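Here is a short briefing for a first look at this protein. Keep the sequence and the 3D view side by side as you read.

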Amino acid sequence: MSSVHDERRRQLLFLGEPLASTPNLAVRSGLGSTPFAARRIPVASHRCCYIARQFTRQTVRRWNLHSICDDAVQIASELVANAVRHGQPDTATEDDPQAGVWLAFALRPRTLLCVVRDPSQLHPRLTAPQPLAERHRGLPIVKALSNTWGWTTDAQARGKTVWARVTLPAA
């Protein structure tokens, strides 16, 4: 296969930067599969929520879901902020593709699924926010903006996954 053909194939399978130069980004669409986008969020960066919001905005717009963009951005931002703030320190190296916090989206026929994975098995807790409180507002916001949300732990993969579903507008 020629390198031009390989590059074209890579562009069809991965949107955004080419796979070889972005080990933390995977976006798949076409070929009869569920559209999927995932990105590793650098937790050491003070810009982690900004990166999550930008990635969410780009992904949702690419999928022409403009009417739910703001809700999806807010949900992703809250879930990533919780993962960075409350997740246990990751003992894996920065080069480990499984390490850190991952933000992913899957486009289903009637819903957008937002998934955040972190290395902690600490259960998320939905608590009532106190008036004017600076903390404990993330999950109530996720609950209000999504149709359903939940979480699961995986002892073998050492971590948890928190997810939220947003119903797509009728076509």
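In this predicted model, Lys160 forms a salt bridge with Asp118, and their closest N and O atoms are 3.0 Å apart. A search of the whole structure finds 1 salt bridge. Lys160 lies in strand S6 (residues 159-167) and Asp118 in strand S4 (residues 111-118), so the pair ties together parts that are 42 residues apart in sequence.

- Are Lys160 and Asp118 buried or exposed? Lys160 is buried, at a relative accessible area of 6%. Asp118 is buried as well, with a value of 2%.

- S4 pairs with S6 in the antiparallel sense, through 8 bridges.
- In that pairing, Val116 stands opposite Val162 of S6.
- S3 and S4 also run antiparallel, and 6 bridges join them.
- Trp102 has Arg117 of S4 as its bridge partner.
- The link from S3 to S4 is a hairpin of 3 residues.
- Of the 8 residues in S4, 7 are buried, so this strand is largely enclosed by the rest of the structure.
- In a regular strand, side chains alternate between the two faces of the sheet.

**Nonpolar cores**

- The largest nonpolar core has 33 residues. Which of them touch the most other members? They are Ile41, Leu65, Leu79, Leu103, Phe105 and Leu112.
- Several elements each supply at least two residues of this core: strand S2 (36-41), helix H2 (48-62), H3, strand S3 (101-107), S4, helix H4 (138-145) and S6.
- H3 gives the most, with 8 residues.
- Another core, of 6 residues, lies apart from the largest one. Its members include Ala38, Ala104, Ala106 and Leu113.
- In soluble globular proteins, nonpolar side chains tend to be buried together.

- Ser77 is found in helix H3 (residues 69-86). Ser77 counts as buried, at 8% relative accessibility.
- Leaving out residues up to four places away in sequence, Ser77 touches Cys49 and Arg53.
- Glu78 is also found in H3. Its relative accessible area is 15%, and Glu78 is buried.

**Cysteines**

- How many disulfides are there? The count comes to 0.
- The cut-off for a disulfide is 2.5 Å between the sulfur atoms.
- Cys48 is buried, with a relative accessible area of 8%.
- Cys69 is buried too, at 4% relative accessibility.

**A loop residue with positive phi**

- Asn64 is not a glycine, yet its phi is positive, at about 60°.
- Most residues other than glycine have a negative phi.
- Where does Asn64 sit? It is found in the loop between H2 and H3.
- Asn64 counts as exposed, at 59% relative accessibility.

**The chain as a whole**

- The protein chain has 4 helices and 6 strands.
- Starting at the N terminus, the order of elements is α-β-β-α-α-β-β-α-β-β.
- The chain has 171 residues, and 37% of them are buried.
- Take contacts between residues at least 6 apart in sequence: 57% of these join residues at least 24 apart.

**Confidence**

- The protein chain averages a pLDDT of 77, and 68% of the residues score at least 70.
- Residues 5-25 have a pLDDT below 50. This stretch has 28 contacts in the model beyond near neighbours in sequence.
- Where pLDDT is low, the predicted coordinates should not be read in detail.

Notes:
Residues are numbered from 1 along each chain as its sequence is written. This is a predicted model: local features need pLDDT of at least 70, side-chain atom pairs count only at pLDDT 80 or more; totals for chains, interfaces and linings use all residues. Side-chain values use heavy atoms; hydrogens and water are left out. pLDDT is the predictor's confidence in each residue, from 0 to 100. Contact means heavy atoms within 4.5 Å. A salt bridge is a side-chain nitrogen of Lys or Arg within 4 Å of a carboxyl oxygen of Asp or Glu. Buried means under 20% relative accessible area, exposed over 50%, partly exposed in between (1.4 Å probe, protein chains only). A nonpolar core is a set of buried Ala, Val, Leu, Ile, Met, Phe, Trp, Tyr and Cys residues joined through side-chain atoms within 4.5 Å. Two strands pair if DSSP finds at least two bridges between them.
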